[in-house]
Amino acid sequence: MSEEVQIRGRDFVGYRIGGAIAALLLFVALAWQTVELFDGDNITSPEVRWSASVVNGREVTPGSDADSGLLAQQILAARTRMQEDRQNTGPAPGEPAPRLALGEGEYLTESPMPFDPALTRSWAIADGETAAMLRPRERLVGISSLPYVGAALFERPDGRDWRLGMADFVTHLGAWAMLGFAFLLALILAIRGRVPIAKGRSQEKIRRFGFIERANHWMTATSFVGLAITGVAIGYGDTLIRPFGERTLGTIGWWATWSHSIFLPSFTLGLVVMAVYWLYRNLPSKLDWTWLRRGGGFFSDDPDNPPARKFNAGQKLIFWSAILGGLVMIVTGLLLMFPFYVLGIEGTSWAMLTHAVVAALLIAIFLGHIYIGTVGMQGAFWAMWDGLVDKNWAEEHHELWVEELEAKRGGRA
Amino acid sequence: MTRVKFLCDAERCIECNACATACKNENEVPWGMVRRRVVTFSDGEPGERSIAISCMHCTDAPCVAVCPVSTLYQTDIGVVLHDKDTCIGCGYCFYACPFGAPQYPQASLFGSRGKMDKCTFCAGGPEENGSQEEFEKYGRNRIAEGKLPLCAEVCSTRALLAGDGDTVAEIYRERVVARGFGSGAWGWQTAYYPEGEG
């Protein structure tokens, strides 16, 4: 390694300890998420049981919850019998009501019951006679004389597939992608340390971003973080907020839903302005290939990084993730805000799945962006904060850009 | 063990829409929403048939599984209920529902769907059974009164059956044997036997 190297990544001990702690916490979260994947509770199980406490003025034996529950079920089953054809069943007007029926002002009661998927599993088994009655599942849409959107739909078995896609696939793998990538970044910080300005800080500063570029970046960033937090609150509230109570979850969910759409205009405007300012310089070029092949020089402290103009290939990837990913999110988001204006139920449910998948990916990608822009690289943050970067930083990461600037200045002088 | 179900005898339904009307009236379902509908196939052609459909109160209910705020829950007789106080109107239950049951208020602002409404099997909601508050939010709680959904009890041809699944299936089979034909239990495979082969 050349003698030019004044600062090494591994010298940032404080950052590395922080990274190690974060990596440890994220590893625990990742392990827990893995357990969640396989713990077999992805089945709907009854949460409430019915019971009868008073029947026709007679109190049901106290303390026998099971019996009163059974009684409630017998009352309903007895009533079901009355739907037989009229020649087979009573009561005729004036006849006494069936023996097993509640009297005036008597109500069944509901009480919480523990998680027990066994009941659901027993329901899912059809006996021979019932199995013979079943029609194959198929998508069925007819016509309806009722004037409501979607009234003509009878059956769409794909609803169950959507549930599988959303509740099992997207939610768990999304969490995996986000936590896993965050874990990786923390691990990199712990082992590799920050990417240093190898030659140390110089006295000279170069202007990298103007005021409008920076203001727009932070407006978009705030909107993105707002969208991400409210989105995660909706998508993972069941795991993250439910332990604090279902009422709390409902209230936070309601606020999250509303704020989620409130961030839309600023996010959209930010992307448009970004495209106007940065699109030209983010068009791919041959240099990007070299840069990517050398991994951007990320893992070495050597100041000789692959050459780049104003934006290197990594930054270009971030730019295009924001623009293309953002576009997908805005379009699907708008479709979801106005169901039935453009798409029907099937189209909207695909829009929802796309929205969720791209959201998880974008959050993971931008965790990387936030990392490299703050703790991951010495001196990078100031480019977007006051717009000025250290000359040595610029030369190490964007040497062609610095040459461009100097050529311009030289030409003017 | 009682597990309640809906069964509509497609050979008996005459598309009178009494179920839909009685439901709206009994539960005072708000304007623009409908908990029970009648769908007609092959209208005006040989083999025309109508079938009433609402929430089927599925086994391993997909709506309950996807609800991000635990608004939806199931009871030990299979009824799927909802809590209007926690619903955020996200629409997930609507995407996951195999029968198009969840409904949203039409008057919505900026794409907010408002509080979801759906068939409760005439079993109200989390409020105290038989209370005025429960009635205003969810309609009548007939189950707590030991009765069955009004749509089925009002059905003039007894096409729509509701209640204990085994009893309902038995009534239907006796009927099919007596008259010699029947097209089977529509929607049951999707609703109640999700693991069976389609």
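**Helix packing, domains and chain interface**

1. In this predicted model, the axes of helix α10 (residues 313-337) of chain A and helix α11 (residues 345-373) of chain A approach within 9 Å and cross at roughly 150 degrees. Angles over 145 degrees count as roughly antiparallel, and α10(A) and α11(A) are therefore roughly antiparallel to each other. The crossing of α10(A) and α11(A) is left-handed.

2. On the α10(A) side, the contact is made by A:Ile318, A:Ser321, A:Gly325, A:Val328, A:Met329, A:Thr332, A:Gly333, A:Leu335 and A:Leu336. The residues that α11(A) supplies include A:Ala351, A:Met352, A:His355, A:Val358, A:Leu362, A:Ile365 and A:His369. By class, this contact of α10(A) with α11(A) comprises eleven nonpolar and eight polar residues, with no charged residues.

3. For chain A, the domain assignment gives domain 1 as 9-42 + 165-210 + 279-412 and domain 2 as 48-84 + 100-112. The centres of domain 1 of chain A and domain 2 of chain A, taken over C-alpha atoms, are separated by 60 Å.

4. Turning to the interface, 77 residues of chain A are in contact with 78 residues of chain B. Which helix of chain A gives the most to the side that touches chain B? Helix α7 (residues 246-262) of chain A does, with eight residues. By class, the side of chain A that touches chain B has 38 nonpolar residues, alongside 21 polar and 18 charged residues.

Technical notes. Residues are numbered from 1 along each chain as its sequence is written. Chains are lettered from A and ligands numbered from 1 in the order in which they are written. This is a predicted model: local features need pLDDT of at least 70, side-chain atom pairs count only at pLDDT 80 or more; totals for chains, interfaces and linings use all residues. Two residues are in contact if their C-beta atoms, placed from the backbone, lie within 7 Å. Helices (H or I, at least four residues) and strands (E, at least two) are DSSP runs, numbered from the N terminus. Ala, Val, Leu, Ile, Met, Phe, Trp, Tyr, Cys and Pro count as nonpolar, Asp, Glu, Lys and Arg as charged, and the others, Gly among them, as polar. Domain bounds come from an automatic or database domain assignment. Axes are lines fitted to C-alpha atoms, for helices over the stretch in contact, and angles run from 0 to 180 degrees between N-to-C directions. Angles under 35 degrees count as roughly parallel, over 145 as roughly antiparallel, 65 to 115 as roughly perpendicular and the rest as oblique. A crossing is left-handed if the near helix is turned anticlockwise from the far one by less than a right angle, and right-handed if clockwise.
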